[in-house]
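Please keep the structure open beside the text as you read.

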Amino acid sequence: MSAAPAIRIRDLVKRYAPAGKDAGEGKLALGGVSFDVPQGQIFGLLGPNGAGKSTIINTLAGLVMKTSGSVEIWGFDIDHEPRNAKASIGIVPQEIVFDPFFTPFEVLDIQAGLYGVPRAMRRSLELLQSVHLADKAHAYARSLSGGMKRRLLIAKAMVHTPPILVLDEPTAGVDVELRRLLWELVADLNSQGVTVVLTTHYLEEAEQLCDRIAIINHGQLITNQPTRDLVGMMREKIVVLTLDRAIDTAPQHSAFVKSVVSGERELRVTYNKDRTNAGEVLALVQALGYAIVDVSTDEADLEDVFVKLTSTPA
Ligand code: ADP
């Protein structure tokens with residue numbers, strides 16, 4: 001039996017009501033989105049600005065009221081068991097807001113109080129240690145660097161030890177060094193068993209960190225698959241061959257991923273660049289008895305596939 005998903009989203013619709021008007025006239029931010037976040041994974045929600053990522057996150061956080069559809073967090077329906085749902089998730093927001101006069105220790109202690117964590121169960125110092133801020137425990141928040149504040153936000157989201165941690169654009173606008181540090185922190189938490197969901201518009205981030213990637217655009221889910229499959233798609237290249245004569249059927253070979261006739265004298269052969277190369281493909285086609293008069297190549301990398309997948313008009 002497979003484990004229940006950490007998060008289950010079905011037909012999620014969100015229409016933002018314009019000020020003073022009925023939501024029916026509002027902007028459709030999510031047009032019926034369904035997906036599961038498997039337990040124990042790092043799940044990436046990828047998409048361009050305005051795609052609907054924050055709307056999904058804010059629905060999970062209880063900050064946005066969905067128009068319709070259902071959401072379960074750790075098996076708890078957010079409409080029927082909101083308290084249990086809320087207790088099961090920690091949210092790291094995009095915006096950094098701290099009272100400048102509280103220390104990191106106090107920030108965590110207050111947050112633990114808000115979540116009803118009994119004093120004896122609070123682990124503020126341990127959390128500060130895990131985000132490398134133990135030495136700043138009693139410094140004023142206003143004296144922390146931007147990177148330290150981001151790390152404090154992660155610790156703050158974990159005070160009630162939720163099984164799921166959600167990060168909204170964790171590395172937007174941060175430098176490379178801090179980005180790596182944040183990735184390490186996220187990977188560490190995940191290795192301790194925390195299911196992680198993060199939104200990003202950095203392909204590299206999703207590729208490096210995530211077990212699974214869902215791509216969203218214009219409020220619709222475009223794809224949702226294991227990162228290695230998505231990246232596998234990007235490992236494919238295409239050679240377009242013009243032959244010396246017309247052909248009806250495409251020559252096939254086990255080294256080709258796909259081979260199709262694409263014009264009277266034109267053949268498109270898809271191959272995996274980890275397994276073969278254009279030269280070998282050409283040699284194989286020639287060995288199968290075809291003379292080649294012209295060649296061009298077509299390559300898809302993650303960026304291209306992303307652009308292709310997200311370039312459908314609104
Ligand atoms: P993302 O996080 O992927 O950038 P958002 O979820 O923030 O996307 O936005 C999705 C769409 O909903 C956008 O068109 C955005 O303009 C719109 N939107 C977001 N928040 C509001 C709001 N509070 N009121 C009206 N429209 C909103």
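Which residues are around the ligand? They are Y16, K27, A29, P48, N49, G50, A51, G52, K53, S54 and T55, where a residue counts as near if one of its heavy atoms lies within 4 Å of the molecule. Before going further, note that this is a predicted model, in which local features need pLDDT of at least 70 and side-chain atom pairs count only at pLDDT 80 or more, while totals for chains, interfaces and linings use all residues. Residues are numbered from 1 along each chain as its sequence is written, and side-chain values use heavy atoms, with hydrogens and water left out.

**The ligand and its shell**

The shell divides into four nonpolar, five polar and two charged residues. In this count, Ala, Val, Leu, Ile, Met, Phe, Trp, Tyr, Cys and Pro are nonpolar, Asp, Glu, Lys and Arg are charged, and the others, Gly among them, are polar. The table lists polar contacts, that is, pairs of N or O atoms within 3.5 Å.

| Residue | Protein atom | Distance to a ligand oxygen atom |
|---|---|---|
| G50 | backbone N or O | 2.7 Å |
| S54 | polar backbone atom | 2.7 Å |
| T55 | polar side-chain atom | 2.5 Å |

Taken alone, the ligand exposes 560 Å², and the protein buries 61% of that; these accessible areas come from the Shrake-Rupley method with a 1.4 Å probe. Helices here are DSSP runs (H or I, at least four residues), as are strands (E, at least two), numbered from the N terminus. The most comes from α1, with three residues.

**The six-stranded sheet**

An open sheet with mixed pairing has six strands in the order β6-β7-β8-β3-β9-β10; strands pair if DSSP finds at least two bridges between them. At its edges stand β6 (89-92) and β10 (220-226), each with a single partner strand, so one side of each has no neighbour in the sheet. On average, neighbouring strands of this sheet are turned by 15 degrees against each other, direction ignored. Within the sheet, β3 (residues 42-46) and β8 (residues 195-200) run parallel and are joined by five bridges. G44 stands opposite L198 in β8.

Helix α1 returns here: it lies across β3, β6, β7 (164-168), β8 and β9 (212-217), at about 145 degrees to β7. Contact means heavy atoms within 4.5 Å, and angles run from 0 to 180 degrees between N-to-C directions of axes fitted to C-alpha atoms, for helices over the stretch in contact.

**The four-stranded sheet**

A second open sheet is antiparallel, with four strands in the order β2-β1-β4-β5. Two bridges pair β4 (residues 68-73) with β5 in the antiparallel sense, and I73 has F76 in β5 as its bridge partner. Helix α1 also lies across β1 (7-16), β2 and β4, running at about 115 degrees to β1.

Two residues here deserve a look at their backbone. D11, in strand β1, has a positive phi of about 50 degrees although it is not a glycine. W74, in the loop between β4 and β5, is not a glycine either, and its phi is positive at about 55 degrees.

**Around helix α9**

At the start of α9 (residues 278-287), a side-chain oxygen of N277 reaches to within 3.0 Å of the backbone nitrogen of G279. Just after α9, G289 takes a positive phi of about 100 degrees.

Methods: A polar contact is a pair of N or O atoms within 3.5 Å; within protein, one must be able to donate a hydrogen and the other to accept it, and residues adjacent in sequence count only if both atoms are side-chain atoms.
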